[in-house]
Amino acid sequence: MFSIFQPNRNGHLRRIMTLLEEANLARIEHQAAAEHHGALARMYAERVKRLEREVYGSAHVPLGEGTTTTPKVGDEKPVVYALGANRRDAQSKA
C-alpha cells in the first residue's frame, strides 16, 4: 500500500539506461561532426596549396599527394578561381 515511498530500483535502472543511450547518441553525433570538420580542414589545406601554386608558381610550392596540376590558359597567367563569373574576363582586359 505504501510502496510509493519505497525506492524503486527498476525506475533507477531505466533512468540510467536512458542516460546511457543519450550519451552514446551524443558521442556518435560528435564523432560524425569531427569527421566532417576533419574533411573540411583537409579540403581547405588542399585549396590553400592550389591557390599558392597559382599565385607563386609551381616552383615555390611542391605538389601534395593526390593533387593535380592547375589548369592554365595558354601561356597566360594561371587561372584564378572566384565566385564571380566575370572576374576572369575583367582580369584578361586589365
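Colleague: What makes the contact between E54 and R50 a salt bridge?

Modeller: In this predicted model, the N to O distance between the two side chains is 3.6 Å. The cut-off for an Arg nitrogen and a Glu carboxyl oxygen is 4 Å, so the pair qualifies. By that rule the count comes to one salt bridge.

Colleague: Where do E54 and R50 lie?

Modeller: Both belong to helix 1, residues 9–56, and they are four residues apart, about one turn of the helix. In general, an α-helix has 3.6 residues a turn, so residues three or four places apart point the same way.

Colleague: How do you know that the length of helix 1 agrees with its residue count?

Modeller: At 1.5 Å a residue, its 48 residues should span 70 Å, and the end C-alpha atoms sit 69 Å apart, so the two agree. After helix 1 comes G57, with a positive phi near 90°.

Colleague: What is pLDDT like over residues 71–75?

Modeller: It stays under 50 there, and the model has six contacts beyond four places in sequence for that stretch. Where pLDDT is low, the predicted coordinates should not be read in detail. The chain averages a pLDDT of 75, with 53% of the residues scoring at least 70.

Methods:
Residues are numbered from 1 along each chain as its sequence is written. This is a predicted model: local features need pLDDT of at least 70, side-chain atom pairs count only at pLDDT 80 or more; totals for chains, interfaces and linings use all residues. Side-chain values use heavy atoms; hydrogens and water are left out. Helices (H or I, at least four residues) and strands (E, at least two) are DSSP runs, numbered from the N terminus. The expected span of a helix is 1.5 Å times one less than its number of residues. pLDDT is the predictor's confidence in each residue, from 0 to 100. Contact means heavy atoms within 4.5 Å.
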